There are 2 protein chains.
Amino acid sequence: MELGPPGGSGPAEPGPRLRGLRGADAAASASSLSRFGAEAGCRASAVAAVLPAGGSGERMGVPTPKQFCPILERPLISYTLQALERVSWIKDIIVAVTRENMETMKGIIQRYQHKRISLVEAGVTRHRSIFNGLKALAEDQPNCRLSKPEVVIIHDAVRPFVEEDVLLKVVTAAQEHGASGAIRPLVSTVISPSADSCLDHSLERARYRASEMPQAFLFDVIYDAYQQCSDYDLEFGTECLHLALKYSHIKAKLVEGSPDLWKVTYKRDLYAAESIIKERISQKVCVVMDTKEDEEHVGHCLEEMLKTELNHVKVTSGQDLQQIILEQCYNFVCVNVMTSDFEETQRLLNMVEESNLSILYPVVVISEEQKLRESLRQGTTIISALIKERNSGLIGQLLVA
Amino acid sequence: MELGPPGGSGPAEPGPRLRGLRGADAAASASSLSRFGAEAGCRASAVAAVLPAGGSGERMGVPTPKQFCPILERPLISYTLQALERVSWIKDIIVAVTRENMETMKGIIQRYQHKRISLVEAGVTRHRSIFNGLKALAEDQPNCRLSKPEVVIIHDAVRPFVEEDVLLKVVTAAQEHGASGAIRPLVSTVISPSADSCLDHSLERARYRASEMPQAFLFDVIYDAYQQCSDYDLEFGTECLHLALKYSHIKAKLVEGSPDLWKVTYKRDLYAAESIIKERISQKVCVVMDTKEDEEHVGHCLEEMLKTELNHVKVTSGQDLQQIILEQCYNFVCVNVMTSDFEETQRLLNMVEESNLSILYPVVVISEEQKLRESLRQGTTIISALIKERNSGLIGQLLVA
């Protein structure tokens, strides 16, 4: 299965992560990563990440560079930044963007409250952009809070589904081997054309791999390689592992990655990314009842029904809403049994609005009337249809179960 | 842009093609393809296609083999068969399926009215399945309507978006060169690992291509190659072009394909395919008015509004519905201005049901009341939301604009 556990802590789940919620995660990371300086109070920037994001996205066939294409109204790169930010032991994230996209990028960082990001200007090629990112980490500039890391991760802005475990694997392997990169089996056979566009030879598929991202390097290994490499490499090269091999004589350790590391390249990949994100955020729903008694009657029935369609269903009479919002639930169903007005719904809407959740995704709030009691099955179908599609065109509609 | 023209005659548009509609297409094909025996009355099976469909789909992470995974409730392979069937000069389509999926496949052929299909049993590998397909075409068996073609196309069951133009290109090139195949630029760098999973070397991405499908061969070239090839090739090989080179000494002509030739491999690819199909079939809508007069008032306004969201909008008062259904429109909006009952809607529903369209995709029939006149903008948003999502969970709902 290519997808992370639905409703789990995968990178496609929206943030920002709120304080006080990452205790368990942080503890787990810290134990395996103490040597990266993740201990409390340690300032050493042991691991940093560089994201080249200067591409024009010409293969996408749309004028917006792909890293800025919106998925559920949020730019693709913001999902990727979030996936990296969640990993507490990555101390700095350097993003290389073109001068004309610098303001756009600053706006994204502000709007989605990204932390630990530094921007550098992209070069005209991918390698030049990465080199600019490395330079920012290498040079001790006055008034610059960045410091040289032991290990640097290089990732793509257009691979939003990177998980902590693969990041940990490449970083660990880089510490041991000097360089490391994620790989995947080839989907198509690779062939070499002759000058007249005829088949010269084909490669045996099983003997080759696709080189994916993330990759990680001891900082000195990759920085030395970039400092030595030729203009030809900087202009036409595509592979950082190749530079480490050619100039620093380091044979990178290759780590098997999951299918969801794939690079968003074509328009169809945007469609796929949107569907994956929708699937992940639609698995958790909170049913808000208007009285305590109902929680035990209608609420329980609805909970059972919804569980046939969704992974996580929680029923509440509203006292602990603030906590539920903190737990990153994006879907709420209000059941009004006793009252025919929408007090509870309004209270929820206000709370959601204040929570900052709504700037991340369309939030679906569904209000159901008493009839639900009679046709819970139909209600369940409607609720999961609305949650899964998240279509804002249906806002304000009264749907009858 | 990777997508075909929305609302055009792309392969992802549903069939079956109805008689009397393909005149223009057929004439165009016949002129360029007369040498393939496409002339009226010519029995020569100049071009056939072989589709290996015996895969288990293990990479998809779901128990159903990927070629049988549903997209909008219809199995993936049915879209691919339809794309090939539309090309009138492909005389026979041989599908290789495993014994356990034979009945499933027969059911699909019957349900979606596929024509010109012959089934053979798949082998345990892709090459063995293709070989079985070729044997069925080569051998003159009694009571078998198949005859040996001049050119054979080999395609994948899981590449549903193949267009006639690329099929024509590979067939023409195969006639000239003996073999031909579609290629695409590499998305990732290809690397060769050493035995200890370290980088041995990386390939210069620009010098290599991904070998995609369709491919085409002079029948004798590829059949001879399969008859000669080793058990090792049949077990572990993946590339037909390689067999033609190795055993028939034919250097295949490589033809640049479009991005939509990609192979549905992972679950994300199913998501992408569904989104592409939804996008294509949602671009055409027919607004049905209940009286002739209204067609000129509300109808005209609604038409203008809808045109801002959808490519093809047609307004009718219902006389020419049969013709519109024949033209493969899948979306109808009924506007009831004069009458408050749903006579026109019921008439349309009956017609759609009889037309066989409804077995292909969810058909969206939206009924709007007089309020539409006052809030056409909101109505347009609702209509396009419904058409684009095609969510059956909302069937029977009364939506208010």
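Begin with both chains of this predicted model. Chain B and chain A bury about 6,100 Å² between them, and 54% of that area lies on carbon and sulfur atoms. Next, select the residues in contact: chain B contributes 70 residues and chain A contributes 69 residues.

Turn now to the polar side of the interface. Across it, 26 residue pairs are in polar contact, both residues being at pLDDT 80 or more. The count of salt bridges between chain B and chain A is one. To display this salt bridge, select Glu279(A) and Lys267(B); their closest N and O atoms are 4.0 Å apart.

Which elements give two or more residues to the side of chain B that touches chain A? Among the strands of chain B to select are strand 7 (179-185), strand 8 (189-193), strand 9 (199-202), strand 10 (209-218) and strand 11 (253-256).

Finally, select strand 8 (residues 189-193) of chain A together with strand 10 of chain B. The two strands run antiparallel and are joined by three bridges. Within this pairing, centre the view on Ile191(A), which stands opposite Arg209(B) in strand 10 of chain B.

Notes. Residues numbered from 1 in each chain as written. Chains lettered and ligands numbered in written order. Predicted model: local features only at pLDDT ≥ 70, side-chain atom pairs only at ≥ 80, totals over all residues. Heavy atoms only, no water. Contact = heavy atoms within 4.5 Å. Buried area = accessible area lost by both parts, 1.4 Å probe. Salt bridge = Lys/Arg side-chain N within 4 Å of Asp/Glu carboxyl O. Polar contact = N/O pair within 3.5 Å; in protein donor to acceptor, adjacent residues only side chain to side chain. Helix = DSSP H or I, 4+ residues; strand = E, 2+ residues; numbered from the N terminus. Pairing = 2+ DSSP bridges.
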